[in-house]
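Please read it alongside the sequence and the model.

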Amino acid sequence: MMITYQRIVLASRPTAEVQPDNFRLETKDIPAITEGQLLVRNQYLSLDPYMRGRMSANKSYAAPQALDDTMIGGTVGVVLESKHPKFAVGDTVVGTLGWTEVAVSDGTMLRKVDTTHIPASAYLGAVGMPGMTAWYGLNQIMAPKAGETVVVSAASGAVGSVVGQLAKLKGCRVVGIAGGAEKCAYVVEELGFDACIDYKAGSLASDLAAATPDGIDAIFENVGGAIFDAALARTNAFGRVAVCGWIAGYNGEPTPLDNARFILTNRLTVRGFIVSEQPEFWPQGLAELGTLVATGKLKFRESVADGLASAPEAFIGLLKGRNFGKQLVKLS
């Protein structure tokens, strides 16, 4: 029987790029649960770009991550002990229990999942928050029609890879943007995008123009900065833009847009969104995504770091684009 567990807390706020010493690994005693609570042993942690924003004290859509508290993050794990009427020992549960091996929950924002046909880890990716982000942005904001051209930045990542595949299922021409020849090959050959632009190749604007001869009708934006700027210049009249991330500016760097005028001249609809604010869509979206994954119609890839102590470096790598697909941490 475990008597202690480890967790990672936010030790200090980064002033620019995230550093390993912004985090601290702690060992704690396993707490006793009371009526209405359950004890969960996490199997996987989800690492996501939004966590960088939470590390800052600046005003945002959500409260900052508190110093000396368990670092926020999605989790999937197994119930070790339960005094909660809706959860039993052995249940697999998805929640936001943070960077910790073990956590106590009162069941709030925790849901049971079935791993018969869907791997537990997928509930943190294609059938979890990233998948729902893709599903909502595409269906509720971009609303592409068959034959339209859709551009997706960070196309090999957990969100972008799902966006592109869903758009292809709708009959769209889909062009991804990713960093490196290997990622672009995966996006086209494995995920079925029509083209992928390697922004590291040094000819982003001309390559994007060649891949979008009929212009761009809808953009799913994960990155911002120069990548978004290049896509704006290719937009068609009445194009739609779903903005879910701005990785280029997460460390406080300026991200000017030379082509912002196209928002006006092309009468674009540009909408930022936070998928957790759309709970009414989650049941439908997760059901559709789960069916697609279970039947092999939606593919995903994972980068898995081993052990809780590896989480800080894996997170730093995620922000630098070192991951391939969904970034996870597997706990022992």
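## A buried ion pair

Lysine 326 and aspartate 48 are both buried, where buried means under 20% relative accessible area, exposed means over 50%, and partly exposed lies in between (1.4 Å probe, protein chains only). Their side chains meet in a salt bridge at 2.5 Å, N to O, the term standing for a side-chain nitrogen of Lys or Arg within 4 Å of a carboxyl oxygen of Asp or Glu. The pair links distant parts of the chain, 278 residues apart, with lysine 326 in strand β15 and aspartate 48 in the loop between β3 (38–46) and α1 (50–54). Helices (H or I, at least four residues) and strands (E, at least two) are DSSP runs, numbered from the N terminus.

This is a predicted model, in which local features need pLDDT of at least 70 and side-chain atom pairs count only at pLDDT 80 or more, while totals for chains, interfaces and linings use all residues. Residues are numbered from 1 along each chain as its sequence is written, and side-chain values use heavy atoms, with hydrogens and water left out.

## Other salt bridges

By the same rule, the count of salt bridges comes to seven. In one of them the side chains of glutamate 17 and lysine 320 meet at 2.9 Å, N to O. Because glutamate 17 lies in the loop between β1 (4–10) and β2 (23–29) and lysine 320 in the loop between α9 (311–319) and β15 (326–330), the pair ties together parts that are 303 residues apart in sequence. Glutamate 17 is partly exposed at 38% relative accessible area, and lysine 320 is partly exposed at 39%.

The side chains of glutamate 26 and arginine 24 also form a salt bridge (2.9 Å, N to O); glutamate 26 is buried at 16%, whereas arginine 24 is partly exposed at 32%.

## Strand β5 and its partners

Strand β5 (residues 92–95) is covered on both faces, with Thr92 and Val94 buried on one side and Val93 and Gly95 buried on the other. Strand β4 (residues 75–82) runs antiparallel to β5 and is joined to it by four bridges, and threonine 75 has glycine 95 as its bridge partner. Two strands pair if DSSP finds at least two bridges between them; β5 and strand β7 (residues 111–112) pair in the antiparallel sense over two bridges, with valine 93 partnered by lysine 112.

## A buried loop residue

Threonine 212 is placed in the loop between α5 (204–211) and β11 (216–221), and counts as buried because its relative accessibility is 0%. Leaving aside residues up to four places away in sequence, threonine 212 touches Thr149, Val151, Val175 and Arg234, a contact being heavy atoms within 4.5 Å.
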